[in-house]
Amino acid sequence: MRRLKLILKIGVPILGLFILGVSIFLYTLTPNYEGERFLSHLSDNVQVYYDNYGIPHIYALSEKDALRTLGYVQAQDRLWQMELLRRISAGELSEVFGEELLATDKLFLALGIDDYSKKTIENLDLNSDYVQLAEAYLDGINQFVEEGPTPLEFYLTGIEKRPFVLKDVYNTIGYMAFSFAMAHKTDPLLTSIKDKLGTAYLQDLGIETMANSTLIKNYNPLTDSTQINLSASLYKTLAKLPLPQFEGSNSWVLAPDKTKNGSVILANDPHIGFAQPSVWYEAHISTPTYKKYGYHLAGMPYPLLAHNRQLAYGITMFENDDVDFYCEETNPDNPVTYKTENGWEGYSYHEKTIKVKGEDDVKFTIKSTRHGAILNEVLPGITNDKPVAISWIYTQLENKLLSALYGMSHSETQRTFKSHLVDIHAPGLNIMYGDAEGNIAWWATAKLYEMPDSTHTKFILNGSDGKQDRIGYLDFSQNPQSENPPSDYVYSANNQPDSVAGKFYPGYYLPENRAKRIVSLLEPKSDWDLEATSKMITDVTSSVNPTMAVNMSKEIDITNLEDAHIKLLDALGKWEGEAEVNSVEPTIFHRWVYYMLEYTFKDELGDDLFNQLLSTHFHKRLLVPLVANENSIWWDNIETTEVVETQKSILQKSFEKAIQSLTNEFGSNVSKWTWGKVHTLEHKHPLGEVKALRKYFNVGPFPVNGTQEVINNMGFTYDETGAYKVTSGPSTRRVIDFSDIENSISILPTGQSGNPFSSHYNDQAKMFVNGEFRKMMMNKEEIIKTKKSLLTFRVKSVN
C-alpha cells in the first residue's frame with residue numbers, strides 16, 4: 001500500500017505535467033486570429049477582420065500588401081492542404097504516404113505538368129503585375145512557413161516544411177486542369193468494350209450526342225487486352241489520390257426582367273469531391289484599387305469564383321474532350337523508334353526520380369512519342385505490345401491561365417472580363433457572369449480543336465498514320481456561349497451545349513437530369529429573389545427518376561409479391577422524384593437501379609470493367625434510354641446459353657433482389673427503409689483513413705438530402721454494399737443578388753479552416769447539410785461592428 005501511494009505520489013504529478021505539456025503543445029498549433037504580427041516587405045499596416053465563420057476581411061492600402069497578407073492567413077488555415085496540392089503534379093505524394101502512391105506519382109510525372117510549369121515560368125515576364133502579386137502572395141505563405149507553428153499533419157507524416165515557389169502555383173493549376181478531364185476514365189473503357197464485345201454493344205451506352213435532350217442554348221448577337229489493363233490501371237491509380245477531384249456543377253444567372261427587384265441574381269455551386277478541409281478558401285480583400293470577395297484554391301493567389309459591387313462570376317465544368325489516347329506502333333527491327341506517316345521516329349526518354357517514404361528512391365524512365373507519354377511504361381499491369389500514348393492539350397499550348405485569372409478578378413466591365421477568357425486553353429470551364437448593369441452571360445472557355453471527319457475521340461486512336469491527329473483550333477468566337485439572351489437567363493449543368501456551326505462539340509457531358517429541372521423551374525417564373533433562389537439551389541427533386549420508376553414498374557409481375565411490396569410499386573408510381581432523408585422511394589429506386597445495372601452489364605464486362613463503368617458519366621446517360629429500350633442487346637445474359645433474358649425478366653429479377661437485400665438489412669417494415677440510413681456524407685481527411693485518427697480529422701458522417709443528378713447533387717458510386725456514401729457535391733453554394741449585394745449568401749461544406757484545432761474547422765458542416773446559408777459580408781462598418789477578432793499586420797522594420 002505504501003508502495004502504491006509512493007507511485008501515485010510521483011506518477012500523478014508526472015502524468016499531469018505530461019498532459020499539460022501536450023495541451024500546451026496542441027494549443028500552440030491553433031491558428032491565431034487576433035493580436036499583432038509583423039510581416040516583411042509591407043509598405044503599410046494591414047487590418048484583417050475575422051467574422052463569425054473565420055472569413056478574413058483584409059483591408060490594405062496596396063494590393064501587394066493585401067496579397068502578402070492573404071498568403072499568410074491562408075497558410076495558417078490551409079498549409080497542409082497547400083502542401084498536398086503542390087505535391088500531386090510534382091510526383092511527390094509517395095514521399096508523404098509511401099509506396100502505395102508510387103503509381104500515382106509516376107502518372108502525374110508522365111503527364112508532364114511539372115516540366116510544363118517549369119517551362120512556363122522560364123517564359124514569364126517577371127515584372128508583370130500578375131507575377132509580382134503572385135510573388136507577394138508567396139512571400140506571405142513563406143513567412144508563415146518560417147515563423148508559424150507546424151501543422152499537426154507534418155508531425156504525423158514526418159515531412160519537413162519548405163518554402164513555396166511560383167512553380168507550386170502552376171502545378172496546382174495543372175492538377176485542377178487534369179481533375180476536370182473525363183477522357184482518362186472513359187476512352188480506354190469504351191475501347192475495351194468495343195474490342196471485347198463489338199460495336200453493337202456501344203449503341204445503348206449514351207456516348208453520342210442526344211440532340212433531343214435539354215441543351216444549353218447559344219445566343220451571341222455578334223456572331224483489346226492492353227486497353228482493358230490500361231482502363232483498369234488508370235481507374236485504380238487515380239482512386240488513390242488523397243485530395244478531391246472536380247466533378248461537375250450547377251449555375252444560373254437571371255437577368256433583371258426575371259427577378260422581383262429588377263437586378264441580376266447569380267447562383268453557383270461547383271460540384272467537387274468532398275474532403276476535409278473544404279476545397280475553397282474564402283477571402284474578402286479591399287484596397288483603394290482592388291475590391292473582391294473571392295474563393296481561392298489552396299496555394300492560389302487569385303480567386304476562381306468572385307464578386308464585388310460591379311460584377312460576379314462563377315464556374316461549372318464544360319466537360320469538353322481535351323484528352324486523346326493514341327495507340328502507337330513500335331518498329332520491330334528497332335524498338336527505340338515508332339511509326340509515323342513520315343517514317344520511323346525515335347522515342348524520347350526522360351529520367352525521373354521519386355522519393356518514397358521509408359524506402360529507397362525509385363528511378364524510372366518516361367518514354368514519349370509526338371503525342372505524349374507512353375502509359376504502358378508508367379502504369380502497373382499493362383503489357384507493352386501495344387503502346388498507348390496520352391495526348392493532353394493542357395501541356396501542349398502556351399500557359400496563360402494565371403494571367404487570365406488575374407485579369408478576370410481585376411475586370412470591372414463585361415467587355416474587359418470576356419477579353420481574358422480567350423487565355424483559358426484548358427481545363428474547359430463554363431464561365432457564368434452577371435453584373436450590376438444588368439448583363440448576364442455564359443461562355444464555354446477552352447481551346448477547342450477540330451479532328452478529321454469520322455474520327456471518334458471517345459476511343460483510343462491510331463497514332464501511326466497521322467489521319468486521326470488534330471487538324472486545327474477553333475477561334476474563341478466559335479465556342480458555345482450566350483450573352484443577354486431573349487430568355488433572360490443563362491445556365492449550365494454540365495450538359496451538352498447546343499450545336500455551333502451545325503456541329504456538336506464532343507465531350508463527356510452529364511445527362512439532362514439537372515438541366516431539365518433547372519429549366520422547368522426558371523422558365524415560368526419572373527419574380528425570382530434571394531430566398532427563392534436559395535431554395536432552388538438546394539432542390540432535391542429529380543426530373544427523370546419518376547418516369548424511369550414508372551417505366552420499370554410497368555414490367556413487374558406482381559403475382560408473387562407481398563402486399564407491402566405491391567404498395568411500394570404503387571408509391572413509386574406516384575413518386576415525384578424527391579430524395580429526402582425520411583423518404584423511402586429513393587432507397588428502393590436506387591437499390592433497384594444498381595441490381596438492374598449489375599444483371600445487365602456485369603456478365604459481359606466482368607467485375608473490373610463493370611466497376612469502371614459505374615465511375616463514368618456515361619453510365620448516368622445510359623439509364624433512361626436503356627429502360628426505354630426493350631430490345632437492347634445488353635439485356636441478355638451471355639452466361640446463360642439456354643435462355644435469352646429480356647428487359648422484363650431482368651427488371652423483375654433486380655426488383656426482387658432489391659427487396660430481398662433491403663429486407664435483410666432493415667427488416668420487413670418498409671417504412672424503416674428511409675433514405676438517410678443509406679445516403680450519408682462524411683468529409684474525409686487524408687489522415688482520417690487511419691482508424692484511430694478518423695474521429696479527430698474527418699467530419700461527419702451525416703444523413704443527407706439529395707441524390708445524384710438533382711440540383712442538390714450528392715454524387716455517389718453504385719456498388720454491391722447498397723450504402724450510398726456521398727463522395728462529391730456542392731463545394732459551396734453561392735447566391736449573389738445585385739439588388740442587395742451586401743446580403744448575398746453562401747456556405748462551405750465544413751468550415752473555413754483546415755486546422756483541426758480551429759473553431760472554424762467544421763462550424764458550417766451542419767448548416768450545409770441542412771441547406772442553410774450565411775452572409776458574405778462586404779460592408780466595412782458592419783464587418784468591424786460584428787467582427788469576431790482583429791489581426792493586425794505591421795510593417796516589419798529592417799535593421
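This dialogue covers salt bridges in a predicted model.

Q: What kind of model is this, and how are residues numbered?
A: The model is predicted; local features need pLDDT of at least 70, side-chain atom pairs count only at pLDDT 80 or more, and totals for chains, interfaces and linings use all residues. Residues are numbered from 1 along each chain as its sequence is written, and side-chain values use heavy atoms, with hydrogens and water left out.

Q: What is a salt bridge, and how many are found in the whole structure?
A: A side-chain nitrogen of Lys or Arg lies within 4 Å of a carboxyl oxygen of Asp or Glu. The search of the whole structure finds 29.

Q: Is E83 buried or exposed?
A: Buried means under 20% relative accessible area, exposed over 50%, partly exposed in between (1.4 Å probe, protein chains only). E83 has 1% relative accessibility, so it counts as buried. R86 is buried too, at 2%.

Q: Which residues are linked in a network of salt bridges?
A: E83, R86, R87, E92, E95, R162 and D168. Within it, R87 pairs with E95 at 3.0 Å, N to O. R87 is buried at 2%; E95 is partly exposed at 29%.

Q: Which distant parts of the chain does the D469 and R370 pair link?
A: The side chains meet in a salt bridge at 4.0 Å, N to O. D469 is in the loop between strands 19 and 20, R370 in the loop between strands 14 and 15, 99 residues apart. D469 is buried at 15%, while R370 is partly exposed at 32%.

Definitions and conventions:
Helix = DSSP H or I, 4+ residues; strand = E, 2+ residues; numbered from the N terminus.
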